[in-house]
Amino acid sequence: MTVYDVKNVQFVWRGITLTGTGNEFAYNISQQGASISPYKGVQGEGLNVVNNTRQWQISRSFKVDSKSLPMLTEDNQNHVEDTLVIRDLNTDREDVFSDCVIVGISGERDSGTRVVTWNALYRNGK
């Protein structure tokens with residue numbers, strides 16, 4: 001049985017593979033909003049309508065001395081919008097997040113890591 005290595009995941013932002021990830025967690029992907037919204041018509045008919053306003057939120061920690069962190073900080077300040085690719089080398093799966101922007105970099109002033117958070121409109125084109 002193969003052991004899953006949480007550190008064996010690559011983040012590629014603007015075509016550059018990010019390095020210097022922190023050791024708090026590998027990464028976190030969540031979705032804001034429900035994927036289906038119930039809808040009731042004027043004659044009482046019930047429908048389930050796809051909610052296209054939902055967004056994806058992706059977070060990953062980086063060490064303070066990471067070579068990638070200054071670039072990410074600058075992209076956050078300049079509101080750079082691009083594509084984030086997450087490659088899971090354990091399972092050979094790749095997720096492409098498009099229309100993506102960094103919404104924040106958090107962390108205590110004296111901590112050894114910073115958490116970078118992206119928001120994306122589409123995951124794998126949907």
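I take a polar contact to be a pair of N or O atoms within 3.5 Å; within protein, one must be able to donate a hydrogen and the other to accept it, and residues adjacent in sequence count only if both atoms are side-chain atoms.

I am working on a predicted model, where local features need pLDDT of at least 70, side-chain atom pairs count only at pLDDT 80 or more, and totals for chains, interfaces and linings use all residues. Residues are numbered from 1 along each chain as its sequence is written, and side-chain values use heavy atoms, with hydrogens and water left out.

I looked up Asn119 and found that its side chain makes a polar contact with the side chain of Gln55, at 3.1 Å. Asn119 has a relative accessible area of 15% and is therefore buried (under 20%, with exposed over 50% and partly exposed in between, using a 1.4 Å probe and protein chains only). I placed Asn119 in strand 9, residues 113-123 (strands are DSSP runs of E, at least two residues, and helices runs of H or I, at least four, numbered from the N terminus). Setting aside neighbours within four places in sequence, I noted contacts of Asn119 with residues including Gln55, Trp56, Asp99 and Cys100 (contact means heavy atoms within 4.5 Å).

I then turned to Tyr39, which sits in strand 4, residues 36-40, and is partly exposed because its relative accessible area is 46%.

For the whole protein I recorded one helix and nine strands, in the order β-β-β-β-β-β-α-β-β-β along the sequence. Of the 126 residues, 33% are buried, and the C-alpha atoms fill a box of roughly 60 × 45 × 25 Å along the principal axes.
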